[in-house]
Amino acid sequence: MRLELKEITFSYAGAPSHLFDSLSLVIQGPGFFSLFGLSGCGKSTLSHIISGMTPPDSGEVTGDGGIVLYAHAGERFPAWVSIGDHLRRVSPPQDFHMLRSLMELMGLTEVEDHRFPDLSMGQKNRANLLRYLMQRFDLLVMDEVLANVDEPSRERIISALKERFPDRTFLYVSHNVSEVAFFSRSIWVFPAGEGPVTGLVEIGGMDGRGSAASAGGDVAALGHRIVAACTGVER
Amino acid sequence: MGRLLKTLISLLCMLSLTSCSGGGTDGNGTEPVRLRLKWLYNASFAGEIWGVETGLFHREGLAVSLLEGGPEQDAIKDLELGRAEFGIASGDQVIRAASKGAEVVVLAQVFQRNPLRWIYSRKRLGYLRPEGLAGLTVGVTFGGNDEAIFAALLNRASLPAGRVKIYGVHYDFSPFWKGQVDLWPVYYNTQGIVIADKMRRNGDEPGFLDPDRWGVRFVANSLVTSRRLAEEKPELVRRFTRAFVKAWREAMDEANAERLGSILAKYEKGVSPRLIARQIEATRELVAPRSGKGWCEVDRDAWRQTLESMSAAGLVKAGIGLDGLLAPALP
Amino acid sequence: MTSPAKRILQFIAIYCGALALLWGAKYLLHMSDYLVPPPLEVLRYATGHAGEQFLAMLDTARVAVSGHLVAIALALAVGAVARGRGTGAGLVRTAAYNLQAYPVVALAPIIFLFLGDGFAARLAIATLISYFPLLLSFIGIFSSPVEEVEHFFRITGRMTARMELTIRLLENRGKVATVVTGTGTLSMVGAIVGEFLSTSQGIGYLIRKALYQNDLSAILVALLLIGLFSSLYVAVVEEGGRRLLAPWR
C-alpha cells in the first residue's frame, strides 16, 4: 500500500489562515505508523484527507488504489441488534472463524448478546475496531480508536494487529507517546510553532521490536524526541 | 391558598362589576347604547343601520353602537353578560333561552314572515306544495330552527316523517348542486337571491317553498332586551323601541330605497348595489305588516306556534309561558 | 399505577377543577341557567344521553385512530422522499411547508366536494391535521445524519437508503415517540373538526348540534368524553412506544 499526499493545502471555512500549507507525506506500507501531535493540531483533519472523506483545498492524494478506511472512537453500532449479530452481518461468512478469535482477543465473547449501549466504553472501542478489522482494507486509519481501553489491553491488541495483519497498513492517531514510540515503524509528528503546518517531522520508531519492558530506556529516549518535536522544547 | 381564593373572588367581582356598567350619558347628552345584531351586516338589519345612519336613535337621545353578529355571537348572552343593552335574536333563540332561565323580554318583531324557505328547481319539480314533498330529499340543519319549522310543515301537510328523506345540511351547498338533495334551506332575502340567480344562470328556474304560505308561522329576528333593563330603565327602552320601529318603517319605505341602498353599501363591502337593492326588496316582503297589524308588531299567534313547534320537535320542554316574555303593546 | 390509569385520573381531576371553576363563576356572578347549566341539568343530560354520546365518541375515535395511522404511514413515506437533495424532494418539502400553513377549515370545502361527507372526508381531515407535524418532524429526522452510526456503513460501502432511514428513525426514537404521541390528540381534534364542519356522525356533530341549540350541558359531557378518549389514546400510544422501544432504551 502506497499513499502520497502532495502539496496539500487546507483551511476551515471562515478561518483566517491555512491549517496545512503545501504539506506532503508518503505512507509506504505495510506496517504500523502513527500520527502524533498536540490536541487541535490537525491530526483528525489530516486523517480525513488521507481517507478521502475531506477534499483538500489544493494538492492531491494519490495512491495505488488500495482501500482506505477510517475509524474513530466516537462511533456507535446500530442499537437495534446485539453486537454479535451486527459483527456477523458485516463480516464475510468465510471469515467467521477469524471473527471468533478476534472477539476472544478483544474480550468480547461474553458480551456478544449485549446491545451496544450496554457495553463499557472500552468494550465499545474494541468492538468498533474489531468490525473494521473484518473489512477488506489496505490502510486503516485509527483515530484514537482505543482511547478508552486500558493500557495492557491496548498493547496486547496492537501487538496482535501487527502480528495477524502483517500485510496491511495501519495509521494510528494517538496521544500516548510511549505507545506510538514502541509500536510504530515511523511516527509523523506535527511540529511546534504558529501558523500553517507545512510538513511533518518523521521519527523512526521501534516497530514493536523487543518487549516494551526491556526496551523501556529506548522508548523513553524516543518519547522525549517525539515530545520535543511537537512542543519545540528539549528536555 | 387563601390568598389565591381571595384574588380569584376579587377578579370575578371585577368581572361582575364591569358587566353591570352601561347607562349614564356621554358628553353630548346622549345615552350610549349597544345593539348586538344576530348576524353579519346585511339587508336583514336594514332598519337598525338606517336608524343609526339617519340619526333616528340620536333624536331619541341615544348613541347607538351596532355590534355585528356572527356564528359564535348570541345577543341574549351578551344582554346577560352586560356586553349589550339590546339585541336581535330569533324566536327560537329567545324561547330556548327563556326556557333555561334567561331573563329576556321581546320588544319588537322585525320579520312578520320568517325568511327561511326551501329553494328547489321548479323546472324539475314544478310548483311544489308540502304534500308534494313525499319521496323527495329535503335538506335540514339538524338542531337548527329549520328542523322545527320543517317538522311543523310536515305536520300541517299530514305527511308522515318517513315519507320524506331528510339530509343533514352543512355550509357546503354541493349536494344541492349535484342533485343529491332536492330542497335546500336558505334565507330568502339574502343567500336565497344569490342561489336563485346561480340556478337561473344554469338554465334552471328556482322555486321557494315558503312554510308561512302553508300556515307555519315561526318567529325570526326580534328585538330583545334584558328584563332588568326593561324594569330599571323603562323610559330608555321605550325611546329605543320607538326609534327602532320608526327606523324599520322608514327603511322599508320604497321612497327611501335608493338612500338605504347607498347606506347598506357602506356596511356590505363588496356586494353589488344591484344585489343590495334586490335584498332590500325581498326584505320588504318579509317585514311589511300583515293586514291590521303595525310595523314590527309582536305577533302573539306566531310566537305561540313557534313554541308549539319547538316543543313538538323536542327542542324545548313544554310548560314555558309567553306572557312574561313578550312585552305589552308598543308604546 | 400504570400510565394510562394515571393519565385518565389526571384528566378527570383537571376536568372536575374546570367544572368547579365554571360553576363557581356561575353562582358567584348569578349567571342564568341559559349561560351556564346547573350541575343537576348536566347530570340529567349525561344520564339521559350517555349511550348516544358514547357511541358517537367511539365513532370519532375510530376515525381519529385510523387517520393517525394513515398520517404516520404517509408522513414516513413522504418524509423519506423529501429528505433528498433533488428538485423533486425540494418541491415536496416546499409543498409540505406551504400546505401546513392552511387551516383545515379552508381546505374542508374541497375535501367535502370530492369525498362527500361520510367516513372518507372525516378520515381525510383527521389525517391532514396530524400529518403535517409528523411530516415536518420526519423530514427533519430523515435529513439529519447520525454520523457516529452511519460512518461505518458509508465508508465500507454498505449504506443503503433503507439502512439510512432505519438508523435515523431509530436513533431519533425519542423525538419520533414524542411527535407520534402528540399528534394522536391532533388527529382526534381533526376528526372532531371534520364532524363539526360537515357530516352527521361522531361527537363533533353532536357538539355542533348542541351549539345550534345552545346546549352547554351536551358540550360539557362531550368534552369529558373527548378528554377521556384522548387521554386513553395518548396513554396507549405512549405505552406502546415504550414497550416497542424498551430494548434500546
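**A conversation about three chains**

Guide: Let me begin with chain B, where residues 24 or more positions apart account for 82% of the contacts with a separation of 6 or more, two residues being in contact if their C-beta atoms, placed from the backbone, lie within 7 Å. This is a predicted model, in which local features need pLDDT of at least 70 and side-chain atom pairs count only at pLDDT 80 or more, while totals for chains, interfaces and linings use all residues. Residues are numbered from 1 along each chain as its sequence is written, and chains are lettered from A and ligands numbered from 1 in the order in which they are written.

Visitor: OK, and how many helices and strands does chain B have?

Guide: Chain B has 14 helices and ten strands, where helices (H or I, at least four residues) and strands (E, at least two) are DSSP runs numbered from the N terminus. The radius of gyration of chain B, taken over C-alpha atoms, is 21 Å, close to the 20 Å that the globule rule (2.2 Å times the number of residues to the power 0.38) gives for 331 residues, so chain B is as compact as a globular protein of that length. Along its principal axes the C-alpha trace of chain B spans about 65 × 50 × 40 Å.

Visitor: What share of chain B counts as buried?

Guide: Of its 331 residues, 47% count as buried; a residue is buried if 20 or more other C-beta atoms lie within 10 Å of its own, exposed if 12 or fewer, and partly exposed in between, with C-beta atoms placed from the backbone.

Visitor: Which strands make up the open sheet of three in chain B?

Guide: The order is β8-β5-β9, with antiparallel pairing, and two strands pair if DSSP finds at least two bridges between them. Because β8 (184-187) and β9 (206-209) of chain B stand at the edges with a single partner strand each, one side of each is left without a neighbour in the sheet. The twist from one strand to the next averages 45°, given that axes are lines fitted to C-alpha atoms, for helices over the stretch in contact, and angles run from 0 to 180 degrees between N-to-C directions. Four bridges join β5 (residues 116-121) of chain B to β8(B), and B:Arg117 stands opposite B:Val186 in β8(B).

Visitor: Switching to chain A, what is the strand order in its open sheet of three?

Guide: There the order is β2-β1-β4, again with antiparallel pairing, and β2 (20-28) and β4 (58-63) of chain A are the edge strands, each pairing on one side only. Neighbouring strands of this sheet are turned by 5° against each other on average, direction ignored. Five bridges join β1 (residues 2-10) of chain A to β4(A), and A:Glu4 has A:Thr62 in β4(A) as its bridge partner. Helix α1 (residues 43-50) of chain A packs on the sheet, touching β1 and β4 of chain A, and its direction makes about 120° with that of β1(A).

Visitor: Where in chain C is confidence lowest?

Guide: It is lowest in helix α4 (residues 104-115) of chain C, at a mean pLDDT of 81, and highest in α6(C), at 95, pLDDT being the predictor's confidence in each residue, from 0 to 100. Chain C as a whole has a mean pLDDT of 88, and 98% of its residues reach 70 or more.
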